[in-house]
Amino acid sequence: METRPLGRTGADVSVVGLGTWQLGGDWGDVGEQTAGDVLDAALDAGVTLLDTADVYGDGRSEERIRKALAARPDRPFVATKAGRRADPFEAGQYRAENLRAWIDRSRRNLGVETLDLVQLHCPPTAVYSDQRVYDALDSFVADGAIAAYGVSVETVAEGLTALEHPGVQTVQVILNVFRRKPLEELLPAAAARGVGILARVPLASGLLSGRYTESTTFRADDHRNFNRNGEAFDVGETFAGVPYDVGVAAAREFTAICGDRVPAQVALRWVVEQPGVTCVIPGARSVEQARSNAAAADLPPLTDAELADLERLYDERIRQHVHDRW
């Protein structure tokens, strides 16, 4: 699989990675064996970046990654996130002692002395401009607890604020066919500073797979059921903030544009082709999904006509429903 430099970390990573939120929780139950099989399938298919967080299943995702990697000769790059163990609306909780405790817990969960990358996990907006937070992270780099740090953001403005701090190596942001605003300013600004971009929610929580209809139901423990209106966390994390009925209708048009190709692969290929993107990190709940997602890296580039059709679809069906802050 094609690889790209991840900011200034010194690591080259696959253009398609694996997000592992679903292996911890909030997407319905994924058993231990299935989680291990998904991780193995992705790694065997050429994925070299795994993205996780300390709150995915209260550490379950990190622990499952540790177990899956224990028997493998080559270790992939593992990016985790910290901060959501605090009340996410209390900026004052992002103190050095708390950050250190969260990071040390992730080190234990993943079974490593040094974490490859720690990302602030969508904290309150004020945290992105708090120099004390970056000073703490710099100290953790200096003492070897982490090799590098970055941020995960909900809005373009938060990403641009983070880029003002020279220690930031990566920005993780929602980017997909239905969520394009980062292309305008954030991605060019990151590229100019040598900062890597990890693109999350690339399938709009599955909408862009083309498998859902207006009558599709989701389990009670799936965020696509319980976070439709932002009841548990930022609504942009669920269906990329697009109202479900609007997204389903637009996804049908998207599937028609894809022709005889797998819609999810086309959606991932679109993200990979955007200037400034380092790695797209779709999730997978089955071996088949993991393999299919990785195969998106091998698709030929989208044609000018296809790109124009996708832009028109966004302009006509989606743009008016996407909040300006995103």
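Hi everyone, let's start in the middle of the fold: the largest nonpolar core has 97 residues, and Leu50, Val171, Phe178 and Phe254 touch the most other members. By nonpolar core I mean a set of buried Ala, Val, Leu, Ile, Met, Phe, Trp, Tyr and Cys residues joined through side-chain atoms within 4.5 Å. Buried is under 20% relative accessible area, exposed is over 50%, and partly exposed is in between, with a 1.4 Å probe and protein chains only. Apart from that core lies another, of eleven residues, among them Ala11, Leu198, Cys279 and Ile281.

A word on the model before we go on. It is predicted, so local features need pLDDT of at least 70 and side-chain atom pairs count only at pLDDT 80 or more, while totals for chains, interfaces and linings use all residues. Residues are numbered from 1 along each chain as its sequence is written, and side-chain values use heavy atoms, with hydrogens and water left out.

Back to Val171 for a moment. What is valine 171 in contact with, leaving aside its neighbours within four places in sequence? The partners are Val151, Val153, Leu163, Leu186, Val195, Gly196, Ile197 and Leu198, where contact means heavy atoms within 4.5 Å.

Now please turn to helix α4, residues 131-142. Helices here are DSSP runs of H or I with at least four residues, strands are runs of E with at least two, and both are numbered from the N terminus. Helix α4 has twelve residues and reaches 16 Å from its first C-alpha to its last, close to the 16 Å expected at 1.5 Å a residue; that expected span is 1.5 Å times one less than the number of residues.

Which residues of α4 are buried? They are Val133, Tyr134, Ala136, Leu137 and Phe140. Looking down the axis of α4, you find these buried residues within an arc of 155 degrees, so they line one face of the helix. The arc is taken from the directions from the helix axis to the C-beta atoms. As a reminder, an α-helix has 3.6 residues a turn, so residues three or four places apart point the same way.

What covers those buried residues includes α3 (96-110), β6 (117-121), β7 (149-152), α5 (156-162) and β8 (168-174). On the face turned away from the buried side, α4 carries the exposed residues Arg132 and Ala142.

The ends of this helix deserve a look too. After the helix comes glycine 144, with a positive phi near 85 degrees.

Next, the charged residues. The model has 24 salt bridges, each being a side-chain nitrogen of Lys or Arg within 4 Å of a carboxyl oxygen of Asp or Glu. Arg100, Asp104, Arg107, Glu113 and Asp143 are linked in a network of them.

Let's walk through that network. Aspartate 143 pairs with arginine 100, the closest N and O atoms being 2.6 Å apart. Aspartate 143 sits in the loop between α4 and β7 and arginine 100 in helix α3, so this pair ties together parts that are 43 residues apart in sequence. Both are partly exposed: aspartate 143 at 45% relative accessibility, arginine 100 at 24%.

Aspartate 104 and arginine 107 form a salt bridge at 2.7 Å, N to O. Both lie in helix α3, three residues apart, about one turn of the helix. Is arginine 107 buried or exposed? At 17% relative accessibility, arginine 107 counts as buried, whereas aspartate 104 is partly exposed at 21%. The side chain of arginine 107 also has a polar atom 2.7 Å from the backbone oxygen of glutamate 113.

Elsewhere, aspartate 58 and arginine 85 meet in a salt bridge of 2.8 Å, N to O. That pair links distant parts of the chain, 27 residues apart: aspartate 58 in the loop between β4 (49-51) and α2 (60-69), arginine 85 in the loop between β5 (77-82) and α3.

Last stop, two alanines with positive phi. Alanine 204, in the loop between β9 (196-200) and α7 (223-226), has a phi of about 50 degrees although it is not a glycine. Alanine 240, in the loop between α7 and α8 (244-258), has a phi near 55 degrees. Alanine 204 is buried at 0% relative accessibility, and alanine 240 is buried with a relative accessible area of 0%.

Technical notes: A polar contact is a pair of N or O atoms within 3.5 Å; within protein, one must be able to donate a hydrogen and the other to accept it, and residues adjacent in sequence count only if both atoms are side-chain atoms.
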